Amino acid sequence: MRWMWIDRIIELEPRRRMVSVKNISLAEDHLHDHFAADEAGGVARPAMPVMPGSLILEGMAQTAGILIGHAEHFRQKVVLAKINRAEISADVSPGITLRYTAVVDRLDAMGASTLGTVDAFRSGISADPTRIAEIDLMFSFIDQNMSGMGFPEHNFVFSESFRTLLKMSEIPVDF
Amino acid sequence: MTRDEIYSKVREILADTLSVDEDDIQPTSTLKGDLGAESIDYLDISFQLEKNFGFKIGQNELFPQGVAQDPKYVKEGKVTPEGITALVERLPHFDFTKFRQDPQLSRIHEIFTVDAIVNFVQAKVAAKG
């Protein structure tokens, strides 16, 4: 499994805003354990596949992280440093498309903070999305913040998988 | 903007960024020791100050990094008098009185107090006019 929690970037306004989508699929293995059918205590509970909140958060971290990385031409190692706020108000299940919108709040030489919203589209049934989460994050450019601590020269944050995603989304990449 | 107004806003910002109770924040509270700040929180605090007070904070202006790692200024784990003079010059918003008495490098974080931030904001607001 590749650690990619967004499927496509659909809008990018450099240094300002990025929108991506994630289609939730029942082919994702982890959904079969989250939550599996259970018969604990003699009570039979049917399976209930819902996307874990931690992975909804990761989707926002990747969306906002690429937005910040792009602003710095992918030269900085952008790492998620702090979750300033995360409120998830509804479960999302297979067949649903999530739309992540990340907006730059602050951006300077040391790091950045972003404000984000997540909307859910019930594919094929309704075009009206439901707001399911608000997630505000902070990113650190680790080479600028770790008091001289050494990190590998190459940018291990933006790997081949990210390059593929950017190319597929028709965003020029030169890193 | 009066110092009291600045102090009250700074307290609000610190309570929010560090998830502590406003009542636990005193002018003499140290960010790391008393309020549990981690390194990344310093960046968050800078962002929040910029946003709330409407000024720009340069890199290393409020919370300098690596300033005490200069071998010229540190000997056997202690900051030299020359080092303290350099620090005072670069960081006029910090109070070094207590630190001077026992300038162990490991205690340098104790100068990062709520008061130091209020001093910093006050100077920035005054400079802005």
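The legends below accompany close-up views of a predicted model.

View 1. Taken along the principal axes, the box filled by the C-alpha atoms of chain A is roughly 55 × 35 × 30 Å. Chain A has 175 residues, of which 32% count as buried. Among the contacts of chain A with a separation of 6 or more, 66% are between residues 24 or more positions apart.

**View 2. The six-stranded sheet of chain A.** The strands of chain A form an open sheet in the order E1-E2-E4-E5-E6-E3, and their pairing is antiparallel. Strand E1 (8-13) and E3 of chain A are the edge strands, each of them pairing on one side only. On average, and with direction ignored, neighbouring strands of this sheet are turned by 20 degrees against each other.

**View 3. The pairing of E1 with E2 in chain A, and the helix on the sheet.** Five bridges join E1(A) and E2(A), which pair in the antiparallel sense, and within this part of the sheet A:Arg8 stands opposite A:Val21 in E2(A). H1(A) packs on the sheet, where it touches E1, E2, E3, E4, E5 and E6 of chain A, and the direction of H1(A) makes about 45 degrees with that of E4(A).

**View 4. The largest nonpolar core, with residues from chains A and B.** This core has 40 residues, and those with the most contacts inside it are A:Met60 and A:Val118. The elements that give two or more residues to the core include, from chain A, helix H1 (53-71), helix H3 (160-168) and the strands E2 (17-23), E3 (78-88), E4 (96-107), E5 (111-122) and E6 (130-141), while chain B is represented by helix H2 (39-53). H1(A) provides the largest share of this core, eight residues.

**View 5. The surroundings of A:Met60, and another core.** When its neighbours within four places in sequence are left aside, A:Met60 is in contact with A:Tyr100, A:Ala102, A:Gly116, A:Val118, A:Ile135 and A:Leu137. A:Val118, one of these partners, is named together with A:Met60 for having the most contacts inside the largest nonpolar core. Apart from that core lies another, of 18 residues, among them B:Ile6, B:Ile25, B:Phe120 and B:Val121.

Note on methods. Residues numbered from 1 in each chain as written. Chains lettered and ligands numbered in written order. Predicted model: local features only at pLDDT ≥ 70, side-chain atom pairs only at ≥ 80, totals over all residues. Core = buried A, V, L, I, M, F, W, Y, C linked by C-beta atoms within 7 Å. Buried ≥ 20, exposed ≤ 12 C-beta atoms within 10 Å, placed from the backbone. Helix = DSSP H or I, 4+ residues; strand = E, 2+ residues; numbered from the N terminus. Contact = placed C-beta atoms within 7 Å. Pairing = 2+ DSSP bridges. Axes fitted to C-alpha atoms, helices over the stretch in contact; angles between N-to-C directions.
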